[in-house]
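Welcome! Here is a short tour for someone meeting this structure for the first time. Please have a look at the sequence and the model, and then read on.

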Amino acid sequence: MPVGDATVTVDQVVKPPFETVVAQHGATVLRVVRAVVGHSDADDAWSETFLAAMKAYPRLPANANVEAWLVTIAHRKAIDITRAAARRAFPVADTPDSPASDRADSHDLDLDTAVGALPPKQRQAVAYHYLAGLPYAEIAIILDSSVSAARRAAADGIATLRRTYPQIDTARSNT
Amino acid sequence: MTAHSLTPLYPVDPDHLRRLHARLEKDAQDSDLLDIAYRTVDSAVGPLLLAATPRGLVRVAFASEGSDNVLLALSERISPRMLEAPTRLDPIARQLDEYFAGRRQRFDVAVDWTLSHGFRRTVLEHLNTDVAYGTTASYATLARLSGSPKAVRAVGTACATNPTPIVVPCHRVIRSDGAVGSYRGGPAAKRALLALERAG
């Protein structure tokens with residue numbers, strides 16, 4: 001290590017550059033917000049989440065669970081975006097007529113419809129567990145509910161999806 | 001069903017993530033949150049990591065220093081609000097290209113001296129203004145220019161720990177016996193820079 005730089009040792013916890021957070025969690029957060037707010041608002045939700053996270057990052061404890069922290073921020077941003085969308089006089093459906101940039105990732109409209117039709121708590125619990133991989137103890141904190149209620153919301157959500165989007169079990173068997 | 005098991009239903013296109021990253025770079029810059037922007041450029045002395053704060057260029061690092069170590073040290077000493085964001089580094093990247101092509105003798109970019117303190121900073125500021133392209137100075141000469149003729153060893157340390165080598169030209173400081181001496185980027189890089197400037 002050069003003399004002029006702070007010596008970095010393995011037993012010392014140094015917070016990595018925020019770039020590392022974006023690189024490691026950018027894709028997961030995008031999947032989560034797509035499930036929670038839908039494709040048309042997902043880019044705004046992702047951008048607002050990472051901008052807010054970058055602002056708060058210096059105060060985050062170095063040993064914090066970064067993914068749970070990001071999902072918590074995304075959860076709040078998604079609520080703001082959903083409220084703003086509800087205030088719009090004529091909600092714009094996420095249709096194949098959306099601009100090409102919104103469709104750069106192939107997405108399944110049947111899946112979007114099925115997930116979008118779930119009650120919010122179920123949709124959130126499903127996304128945070130089955131896309132972000134968070135344990136129900138973390139999800140309960142984010143949803144401000146009990147652990148058993150969070151687990152039940154995810155189970156109910158998956159049960160409904162099995163009915164409204166049967167291909168869900170194909171995805172599972174492919175993993 | 002296990003955790004993460006819906007992930008295959010939500011494919012993410014890397015190009016889409018790159019566009020979101022570019023938007024974050026701009027949003028962070030506009031919100032005064034981009035404390036450090038960095039990028040890597042190729043050069044005649046190997047890849048160089050360039051990092052800048054809003055005040056100016058704060059770090060130039062050689063590949064031998066290990067970019068992960070350099071970025072962690074910047075995160076700890078200045079701020080972890082760092083993104084790989086090329087725009088802020090465009091002017092210095094262009095000027096380095098011109099320098100390595102022999103078409104530039106002085107760098108016209110702001111330098112953020114945050115990482116240099118006290119006498120080391122005095123030494124580097126003298127080096128930046130008093131030792132011209134194509135010339136060399138001994139560590140003893142630079143000690144004299146910096147106002148402490150006896151502090152030859154401290155001048156050596158200041159040069160060895162220069163946060164912005166090449167731009168602040170510590171490669172122009174050599175030993176009194178004519179040997180090139182040590183260099184943050186290794187003696188081969190130092191000889192290459194001196195040869196470039198003799199030819200230019």
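Let us start with a pair of helices in chain B: α4 (residues 118-130) and α6 (residues 152-160) pack at an angle of about 75°, with their axes 9 Å apart. Axes here are lines fitted to C-alpha atoms, for helices over the stretch in contact, and angles run from 0 to 180 degrees between N-to-C directions. This is a predicted model, in which local features need pLDDT of at least 70, side-chain atom pairs count only at pLDDT 80 or more, and totals for chains, interfaces and linings use all residues. Residues are numbered from 1 along each chain as its sequence is written, while chains are lettered from A and ligands numbered from 1 in the order in which they are written.

**The α4–α6 pair of chain B**
- α4(B) and α6(B) are therefore roughly perpendicular to each other (65 to 115 degrees; under 35 is roughly parallel, over 145 roughly antiparallel and the rest oblique).
- On the α4(B) side the contact is made by B:F119, B:R120, B:V123 and B:L124, and on the α6(B) side by B:A154, B:V155, B:T157 and B:A158. Two residues are in contact if their C-beta atoms, placed from the backbone, lie within 7 Å.
- By class, this contact has 6 nonpolar, 1 polar and 1 charged residues. Ala, Val, Leu, Ile, Met, Phe, Trp, Tyr, Cys and Pro count as nonpolar, Asp, Glu, Lys and Arg as charged, and the others, Gly among them, as polar.

**A closer look at B:V123**
- Leaving aside neighbours within four places in sequence, B:V123 is in contact with B:L142, B:S146, B:V155 and B:A158.
- The C-alpha atoms of B:V123 and B:S31 are separated by 35 Å, and these residues are 92 apart along the chain.

**Chain B as a whole**
- Chain B has 7 helices and 6 strands, in the order α-β-β-β-α-β-α-α-β-α-α-β-α along the sequence. Helices (H or I, at least four residues) and strands (E, at least two) are DSSP runs, numbered from the N terminus.
- Along the principal axes, the C-alpha atoms of chain B fill a box of roughly 70 × 35 × 30 Å.
- Of the 200 residues in chain B, 40% are buried.
- Among contacts in chain B with a separation of 6 or more, 60% are between residues 24 or more positions apart.

**Where chain B meets chain A**
- How many residues of chain B are in contact with chain A? The count is 43 residues of chain B, in contact with 43 residues of chain A.
- On the chain B side, the elements giving two or more residues are α1 (14-30), α2 (67-77), β4 (82-84) and α6.
- The most comes from α1(B), with 9 residues.
- The residues on this side of chain B divide into 22 nonpolar, 11 polar and 10 charged.

**Chain A and its helix α5**
- Chain A has 8 helices and 0 strands, and 37% of its 175 residues count as buried.
- Helix α5 (residues 120-130) of chain A is mostly covered, with 9 of its 11 residues buried.
- Those buried residues of α5(A) pack against α1 (18-37), α3 (66-87), α4 (109-116), α6 (136-143) and α7 (147-164) of chain A.

How values were computed. A residue is buried if 20 or more other C-beta atoms lie within 10 Å of its own, exposed if 12 or fewer, and partly exposed in between; C-beta atoms are placed from the backbone.
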